[in-house]
Amino acid sequence: MTPRYRTRLRPPLPWQAAFAALASLLFAGAALAHNVTEGDAGYVQEVTGFRPFAFLYLGAKHMVTGYDHLLFLAGVIFFLYRGRDIATYVSLFAVGHSVTMIAGVWWQVSVNAYIIDAIIAFSVVYKALDNLGAFRLWFGVQPDTKAATLIFGLLHGFGLATKIQDYEISPDGLLGNLIAFNLGVEIGQLMALALILLAMRQWRARPAFARQAYAANVLMMVAGFALMGLQITGYFVA
């Protein structure tokens, strides 16, 4: 018997941890997507004036708990190894997310919350299929991954803008608060990205990464379809 089979209790592999995390998300329900906690919502509705630190915190909190954003972001960097490439794609996503979040609230551009969240869930499906090489295999073409990242970033921003508008933030200090909130979102994104990259680095060092990567992207695709189904169901039921 070789040493690799001698230990009965072993820490879960990254793909196993991902499976557990995604499974828990599917049972969490559609109401969590782009949600703001009741206490935070009350604060947002009542506060007036420029409150940069409060909105900075709220933005960071939203991103680190925004599982749909993080799933898409994880898919984007899944097969990126060079720091420059990671920075490029994450920046494209951040620019898109920032523009529509701020502009959507400022100019009161809203989209039905269920529809935009279903589209965001589809972005997870798209990225998983892209990572699996499905577009080249099925259609013989490869979508422009940078353009897709920017476009989906714009759509993700609309998701949050739609939710924020429901809470009718005071116009007093609105622009400054939105900028602070967005800065918090980007800080939260960088924090989450650092953890994702740390896990990915350890995972990639394992000999079975290629095989497990395929399974992980299939699981990501299934999770995206499930989240789409929850949102579409919510649209017709609500």
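This note sets out numbered points on the predicted model of one protein chain.

1. Basis of the model. Residues are numbered from 1 along each chain as its sequence is written, and side-chain values use heavy atoms, with hydrogens and water left out. Because this is a predicted model, local features need pLDDT of at least 70 and side-chain atom pairs count only at pLDDT 80 or more, whereas totals for chains, interfaces and linings use all residues.

2. Confidence. The chain averages a pLDDT (the predictor's confidence in each residue, from 0 to 100) of 85, and 83% of the residues score at least 70. Over residues 1–33 pLDDT stays under 50, and for this stretch the model has 29 contacts beyond four places in sequence; a contact means heavy atoms within 4.5 Å. Where pLDDT is low, the predicted coordinates should not be read in detail.

3. Overall architecture. The chain has 10 helices and zero strands, where helices (H or I, at least four residues) and strands (E, at least two) are DSSP runs, numbered from the N terminus. Of its 238 residues, 46% count as buried. The burial classes are defined by relative accessible area: buried is under 20%, exposed is over 50%, and partly exposed lies in between (1.4 Å probe, protein chains only). Among contacts between residues at least 6 apart in sequence, 85% join residues at least 24 apart.

4. Nonpolar cores. A nonpolar core is a set of buried Ala, Val, Leu, Ile, Met, Phe, Trp, Tyr and Cys residues joined through side-chain atoms within 4.5 Å. The largest such core has 34 residues, and Ile-77 and Phe-78 have the most contacts inside it. Two or more residues each are given to this core by helix 4 (67–77), helix 5, helix 6, helix 7 (134–139), helix 8, helix 9 and helix 10 (209–237). Another core, of 20 residues, lies apart from it and includes Met-63, Met-101, Val-105 and Ile-164. Leaving aside residues up to four places away in sequence, Ile-77 touches Ile-86, Val-90, Leu-193, Ile-196, Leu-197 and Arg-204.

5. Helix 5 has 24 residues and reaches 34 Å from its first C-alpha to its last, close to the 34 Å expected at 1.5 Å a residue; the expected span is 1.5 Å times one less than the number of residues. Gln-108 is placed in the loop between helix 5 (83–106) and helix 6. Although not a glycine, Gln-108 has a positive phi of about 55°. Gln-108 is exposed, because its relative accessible area is 64%.

6. Salt bridges. The count comes to two salt bridges, a salt bridge being a side-chain nitrogen of Lys or Arg within 4 Å of a carboxyl oxygen of Asp or Glu. One joins the side chains of Arg-82 and Asp-85 (3.0 Å, N to O). Arg-82 is partly exposed, with a relative accessible area of 47%, and Asp-85 is partly exposed, with a value of 23%. Lys-127 forms a salt bridge with Asp-130, the closest N and O atoms being 2.8 Å apart. Because Lys-127 and Asp-130 are three residues apart in helix 6 (residues 113–131), they are separated by about one helical turn. Both Lys-127 and Asp-130 are buried.

7. Helix 8 and its N-terminal end. Helix 8 has 21 residues and reaches 30 Å from its first C-alpha to its last, close to the 30 Å expected at 1.5 Å a residue. Its N-terminal end is capped by Asp-144, a side-chain oxygen of which lies 3.1 Å from the backbone nitrogen of Lys-146.

8. Ser-170 is found in the loop between helix 8 (145–165) and helix 9 (174–204). Ser-170 is buried, since its relative accessible area is 14%. Not counting residues up to four places away in sequence, Ser-170 touches Val-47 and Thr-48. The C-alpha atoms of Ser-170 and Gly-49 are separated by 7.7 Å, although these residues are 121 apart along the chain.

Conventions:
Polar contact = N/O pair within 3.5 Å; in protein donor to acceptor, adjacent residues only side chain to side chain.
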